[in-house]
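These are my notes from an afternoon with one model. I wrote down what I looked up, entry by entry.

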Amino acid sequence: MNEKQNHIIEHYLNRIKEEVYNLASVDNFISALRDDLYEYEASHPDFTEEDLETEFGMPGEIAKDFLEESNATQPKDIARSR
């Protein structure tokens, strides 16, 4: 595993966690997504974070979809305003 690619994957996952903003438990989702990202790395060893965004989606979109599926109804902006 390439250290640079590992950093890119972890940064991408942290961006998703930030978007979820503790409105739902995200650990299992992030763990499964991490597995998918490392599988992607196996066939795309020189990927960039932009490649992950193209292949998997923007972190904000992923977080929004996750929150909708987990029935967490407050978006990050509403939670921050409280």
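**Entry 1: the whole chain**

I began with burial across the chain: 34% of its 82 residues count as buried. I note here that the model is a predicted one. Next I looked up the secondary structure and found five helices and zero strands. Read from the N terminus, the order of elements is α-α-α-α-α. I then turned to contacts between residues with a separation of 6 or more, and 74% of these join residues 24 or more positions apart.

**Entry 2: before the helices begin**

I looked at Asn 2, which sits in the segment before H1. Its relative accessibility is 36%, so I put Asn 2 down as partly exposed, given that this class lies between 20% and 50%. I also checked its distance to Pro 45. Asn 2 and Pro 45 are 43 residues apart in sequence, and their C-alpha atoms are 8.0 Å apart in space.

**Entry 3: Ile 30**

I moved on to Ile 30, a residue of helix H2. Is Ile 30 buried or exposed? I found a relative accessibility of 2%, so Ile 30 counts as buried; the cut-off for buried is under 20%.

I then asked what Ile 30 touches, leaving out residues up to four places away in sequence. The list I wrote down is Leu 13, Ile 16 and Lys 17. For Lys 17 I looked up the spacing as well: Ile 30 and Lys 17 are 13 residues apart in sequence, with 7.9 Å from C-alpha to C-alpha.

**Entry 4: H2 against H3**

I stayed with H2 and looked at how it packs with H3. The angle between H2 and H3 is about 115 degrees, and their axes are 12 Å apart. H2 and H3 are therefore roughly perpendicular to each other, a class that takes in angles of 65 to 115 degrees. The crossing of H2 past H3 is right-handed.

Which residues meet where H2 and H3 pack? From H2 I noted Leu 33, Asp 36, Leu 37 and Tyr 40. From H3 I noted Asp 51, Leu 52, Glu 55 and Phe 56.

**Entry 5: one face of H4**

I took helix H4, residues 59-69, and listed its buried residues: Pro 59, Ile 62, Ala 63, Phe 66 and Leu 67. Looking down the axis of H4, I saw that these buried residues fall within an arc of 130 degrees, so they line one face of the helix. On the other side of H4, Lys 64 and Glu 69 are exposed.

What do the buried residues of H4 pack against? I found three partners: helix H1 (3-20), helix H2 (27-43) and helix H3 (49-56). I also looked just past the end of H4, where Asn 71 takes a positive phi of about 65 degrees.

**Entry 6: salt bridges**

How many salt bridges are there? I counted four.

I looked up Arg 15 and Glu 49, whose side chains form a salt bridge with 2.6 Å from N to O. This pair links distant parts of the chain, with Arg 15 in helix H1 and Glu 49 in helix H3, 34 residues apart. The side chains of Arg 15 and Glu 53 also meet in a salt bridge, at 2.7 Å from N to O. Here too the pair links distant parts of the chain: Arg 15 is in H1, Glu 53 is in H3, and 38 residues separate them. I therefore wrote down Arg 15, Glu 49 and Glu 53 as linked in a network of salt bridges.

I checked the accessibility of each member of the network. Arg 15 has 23% relative accessibility, so it counts as partly exposed. Glu 49 has 14%, so it counts as buried. Glu 53 is buried too, with a relative accessible area of 17%.

The next salt bridge I looked up joins Lys 64 and Glu 68, with their closest N and O atoms 3.7 Å apart. Both residues of the pair Lys 64 and Glu 68 lie in helix H4, four residues apart, which is about one turn of the helix. Lys 64 is exposed, whereas Glu 68 is partly exposed, with a relative accessible area of 47%.

Definitions and conventions. Residues numbered from 1 in each chain as written. Predicted model: local features only at pLDDT ≥ 70, side-chain atom pairs only at ≥ 80, totals over all residues. Heavy atoms only, no water. Buried < 20%, exposed > 50% of the residue type's maximum accessible area, 1.4 Å probe, protein only. Helix = DSSP H or I, 4+ residues; strand = E, 2+ residues; numbered from the N terminus. Arc of directions from axis to C-beta. Contact = heavy atoms within 4.5 Å. Axes fitted to C-alpha atoms, helices over the stretch in contact; angles between N-to-C directions. Parallel < 35°, antiparallel > 145°, perpendicular 65-115°, else oblique. Left-handed = near helix turned anticlockwise from the far one by under 90°.
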